[in-house]
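Trainee: I am new to this structure and would like to go through its charged pairs and its ligand site. Can we take them one at a time?

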Amino acid sequence: MAKKVIKRSWAEPFKIKVVEPIKMTTREHREKEIKIAGYNTFLLKSEDVYIDLLTDSGTNAMSDRQWAGMMVGDEAYAGSRNFYHLWDNVKKYYGMPYFVPTHQGRAAEHIISKILIKDGDFVPGNMYFTTTRLHQELAGATFVDVIIDEAHNPKSEHPFKGNIDLEKLKNLIEKVGAKKIPYVSVAGPVNMAGGQPFSMENLKEVHKLCSEHKIKLWFDATRATENAYFIKEREAGYKEKSIAEILKEICSYFEGIWVSAKKDLMVNIGGILATKNKKVFEKARNMVVVYEGLHTYGGLAGRDMEAMAIGLEEMVEYDNIRARIGQVEYFGKELDKYGVPYVRPIGGHAIFLDAKRFLSHLTQDQFPAQTLAAEIYIDSGVRGMERGIVSAGRDPKTGKERYPKLELVRLTFPRRVYTQAHIDVAVESIATVYQNRKNITGLKMIYEPEYLRFFQGRFEKL
Ligand SMILES: *Cc1c(COP(=O)(O)O)cnc(C)c1O
């Protein structure tokens with residue numbers, strides 16, 4: 001008899017030392033709570049949530065080393081030891097000599113947008129990120145999406161849907177002139193496209209084109225290690241390179257980076273602004289005093305900076321990233337068993353349900369993704385979030401709705417937090433909602449805040 005092929009699984013490269021109880025609620029309770037929350041999962045109380053896949057932002061589990069680091073916080077107002085430890089690691093892992101800490105990612109976005117952008121400028125980028133684009137617009141720029149078309153197609157299996165379309169970028173340079181483009185804003189993996197990476201080859205080409213026109217590249221390196229992982233897995237010539245080496249190479253093409261440390265660095269709070277440009281650094285270091293705090297703490301406690309410094313060391317560990325992305329992959333493959341539509345290929349930090357196909361009987365004005373996130377919560381207490389027309393917001397010039405091609409519900413995995421059994425529960429809930437999808441009705445918006453409306457907007461059942 002032929003030997004049966006035995007599957008060999010991987011497991012998380014850690015064990016659990018501290019636990020936080022969570023509890024399941026009743027359907028009745030959740031129906032009441034989501035109504036009170038205006039059908040917006042951002043407005044739910046966390047204690048009413050069972051499995052929280054809202055975001056991986058600041059919700060990660062710190063390691064015992066990071067917690068130990070919290071105890072050696074140097075809370076001096078100026079020149080904290082932890083600041084210097086963090087700075088050393090920013091140099092070591094991102095290869096950027098100059099660094100300013102900020103309390104989170106958007107604070108760094110605010111500062112860098114104000115420094116680099118003049119009124120009437122254009123900022124091209126690979127799709128957009130909500131807070132990034134808002135700060136670019138508030139600084140006076142018009143954001144222009146130059147991502148490849150495949151990124152807007154949830155069915156496309158392109159391995160690097162985060163790539164920039166060189167023709168789109170060239171056309172923009174020709175149309176508005178290089179002088180009106182302060183920098184190209186690159187993110188990777190691209191959150192709004194479904195956690196999709198760019199390739200090193202594409203980055204090199206973009207860098208070459210921009211160098212010819214003296215345009216700098218700036219990088220939203222918030223989840224850069226995941227992009228490095230995909231390059232290692234999918235791009236020729238990188239299999240033998242470490243995540244740290246690939247990350248360093250990516251960063252070498254940029255003048256500077258901003259980072260929300262609440263993601264890759266696995267801390268609860270923190271941000272980074274780092275650059276090779278001394279002049280930009282000096283301006284940033286001066287501005288941080290106005291908006292955040294002295295340049296050696298930037299709105300953070302010393303202990304937070306220590307946890308960040310250690311997080312930088314842990315984030316480049318291959319086994320950590322493989323387990324993280326492996327969890328997302330497992331989620332996707334389980335969903336496949338029930339035919340649930342989601343963005344392909346499976347991305348880095350989250351599964352993005354394709355709400356347009358999931359609730360194909362709803363029009364985009366009935367907020368399919370907003371509706372779906374609420375329905376999943378009602379079914380099981382699993383919390384995801386909308387990434388569609390609500391997140392896209394209105395055009396700042398015309399005030400008209402933007403109709404994004406993608407209408408998604410994001411289910412995001414905090415790092416080192418949930419087990420495979422939690423994933424099974426979430427998958428089964430989504431499959432149940434999918435089976436009953438025809439009975440679901442849409443929403444109407446009853447309160448719309450001016451900025452980033454997805455956070456605080458309120459809805460009512462149609
Ligand atoms: C979270 C995030 C930001 C903003 O960072 P905050 O720490 O939430 O202010 C910017 N860019 C990307 C890609 C993000 O995921």
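Trainee: Which side chain meets aspartate 64 in a salt bridge?
Mentor: This is a predicted model. A salt bridge needs a side-chain nitrogen of Lys or Arg within 4 Å of a carboxyl oxygen of Asp or Glu. For aspartate 64 the N to O distance is 3.1 Å, and the partner is lysine 17.

Trainee: How many residues apart in sequence are the parts that this pair ties together?
Mentor: Aspartate 64 belongs to helix 2 (residues 64-70), whereas lysine 17 sits in the segment before helix 1 (27-36). The pair therefore ties together parts whose separation in sequence is 47 residues.

Trainee: Is lysine 17 buried or exposed?
Mentor: The cut-off for exposed is over 50% relative accessible area. Aspartate 64, at 47%, counts as partly exposed. Lysine 17 has a relative accessible area of 65%, so lysine 17 is exposed.

Trainee: Glutamate 226 forms a salt bridge with arginine 415; are these two residues buried or exposed?
Mentor: The closest N and O atoms of this pair are 3.3 Å apart. Glutamate 226 lies in helix 8 (residues 224-234) and arginine 415 in the loop between strand 12 (408-412) and helix 16 (420-435), so parts 189 residues apart in sequence are tied together. Buried means under 20% relative accessible area. Glutamate 226 and arginine 415 are both buried.

Trainee: Now the ligand. How far is a polar side-chain atom of serine 260 from an oxygen atom of the ligand?
Mentor: The ligand is surrounded by 13 residues, and Ser260 is listed among the closest. For arginine 106, a side-chain N or O atom is 2.7 Å from a ligand oxygen. For lysine 263, the distance from a polar side-chain atom to a ligand oxygen is 2.9 Å. For serine 260 it is 2.6 Å.

Trainee: How much of the ligand's area does the protein bury?
Mentor: Taken alone, the ligand exposes 380 Å². The part of that buried by the protein is 95%.

Trainee: Which helix gives the most to the shell around the ligand?
Mentor: Helix 4 (105-116) and helix 5 (130-138) each supply at least two residues of the shell. By class, the shell has six charged, six polar and one nonpolar residue. The most, three residues, comes from helix 4.

Definitions and conventions:
Residues numbered from 1 in each chain as written. Predicted model: local features only at pLDDT ≥ 70, side-chain atom pairs only at ≥ 80, totals over all residues. Heavy atoms only, no water. Helix = DSSP H or I, 4+ residues; strand = E, 2+ residues; numbered from the N terminus. Buried < 20%, exposed > 50% of the residue type's maximum accessible area, 1.4 Å probe, protein only. Near = heavy atom within 4 Å. Polar contact = N/O pair within 3.5 Å; in protein donor to acceptor, adjacent residues only side chain to side chain. Areas by Shrake-Rupley, 256 points an atom, 1.4 Å probe, with all protein chains shown as cover. Nonpolar A, V, L, I, M, F, W, Y, C, P; charged D, E, K, R; others polar.
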